[in-house]
Amino acid sequence: MTKPSTRADRRKAELRRDIIDTAFVCFAEKGYHATGIADIATELGIGHGTFYRYFSNKREIIDHVIDDLAARIVTALATENSPDAAETLDDYRAQIERIGAALTVILVQDRRVAQLLLFHATGIDDELTARLYGLLDTADALTAGYLEHGVDRGYLRADLDTANTAKAVTGMLLAAVLHGLRDPEGDVRALAEAIRRLLVDGVRREAVGGPG
């Protein structure tokens, strides 16, 4: 992305970013339908006219909010942890640790992200719901990529059903997020560790001569 070239351009880019960030907070805490343009503008201390110089309506801005959240998730899954990076079971284990830590920061530590994605955004319209299902499909495909690479390299089970195992993994992660929303004081670390063990011990190739 090209950086703004002048001070005025930088101020415009910063205000645009502030509008998106503030809209995210309002949508997540109050709900999309209960949030008005006035709420976002008032929170920022700007007028309606200023808002409309950047976004034509509320529906347009939530597209940008969802784009930002999706990009953070995909970056954690793929950009920073490429599916073909692990060459050994230990590499794969470390990769799982990194991904788990990154997703915890995105989806659990800030409860508003999950609230928006899982509860508010899906009730807006069919197009946005389809986009969120597309994000789910992307997560499934990326997870399948990690598993397929492990099978190819020989550290995961050769008989692994990678496509359906990937969907099961996504389901576990979504359940963990829901548990975190329902019980913020619960032991998230213990649940995350149980998932990590399943993602390693449940799919790794047995050592020659038996389990181990």
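Me: How far apart are the ends of residues 13–73, and what makes up that span?

Reply: The end C-alpha atoms of residues 13–73 lie 23 Å apart, and the span is 77% helix and 0% strand, where helices (H or I, at least four residues) and strands (E, at least two) are DSSP runs, numbered from the N terminus. An unreviewed UniProt entry annotates residues 13–73 as "domain: HTH tetR-type"; such positions are given in the numbering used here, feature names are shortened, and annotations may be inferred rather than shown by experiment. This is a predicted model, in which local features need pLDDT of at least 70 and side-chain atom pairs count only at pLDDT 80 or more, while totals for chains, interfaces and linings use all residues. Residues are numbered from 1 along each chain as its sequence is written, and side-chain values use heavy atoms, with hydrogens and water left out.

Me: How do you know which residues of the model should not be read in detail?

Reply: The guide is pLDDT, the predictor's confidence in each residue, from 0 to 100. The protein averages a pLDDT of 89, and 95% of the residues score at least 70. Over residues 208–212, however, pLDDT stays under 50, and the model has three contacts there beyond four places in sequence, a contact being heavy atoms within 4.5 Å. Where pLDDT is low, the predicted coordinates should not be read in detail.

Me: How many helices and how many strands does the protein have?

Reply: There are nine helices and zero strands, and the C-alpha trace spans about 70 × 40 × 30 Å along its principal axes. Of the contacts with a separation of 6 or more, 70% are accounted for by residues 24 or more positions apart.

Me: What lies around K58 instead?

Reply: The backbone oxygen of Y32 lies 2.9 Å from a polar atom of the K58 side chain. Y32 is also one of the residues in contact with K58 beyond four places in sequence, along with F27, H33, T35 and I37.

Me: Why is the pair R112 and E29 called a salt bridge?

Reply: Their closest N and O atoms are 3.7 Å apart, and the definition asks for such atoms within 4 Å, so the pair qualifies. It links distant parts of the chain, R112 being in helix α6 (residues 111–120) and E29 in helix α1 (residues 7–30), 83 residues apart. R112 has a relative accessible area of 25% and is therefore partly exposed, whereas E29, at 54%, counts as exposed.

Me: What makes D67 and R131 a tie between parts of the sequence?

Reply: D67 and R131 form a salt bridge, with the closest N and O atoms 2.2 Å apart. D67 lies in helix α4 and R131 in helix α7 (residues 126–153), so the pair ties together parts that are 64 residues apart in sequence. D67 is partly exposed at 39% relative accessibility, and R131 is partly exposed at 25%.

Me: Which residues are linked with D67 and R131 in a network of salt bridges?

Reply: The network also takes in R59, D63, D125 and E127. R59 is in helix α4, and its side chain makes a polar contact of 2.6 Å with the side chain of D125; a polar contact is a pair of N or O atoms within 3.5 Å, where within protein one must be able to donate a hydrogen and the other to accept it, and residues adjacent in sequence count only if both atoms are side-chain atoms.

Me: Why are R197 and D201 about one helical turn apart?

Reply: They are four residues apart in helix α9 (residues 188–201), and therefore separated by about one helical turn. R197 counts as exposed at 53% relative accessibility, while D201, at 38%, is partly exposed.

Methods. A salt bridge is a side-chain nitrogen of Lys or Arg within 4 Å of a carboxyl oxygen of Asp or Glu. Buried means under 20% relative accessible area, exposed over 50%, partly exposed in between (1.4 Å probe, protein chains only).
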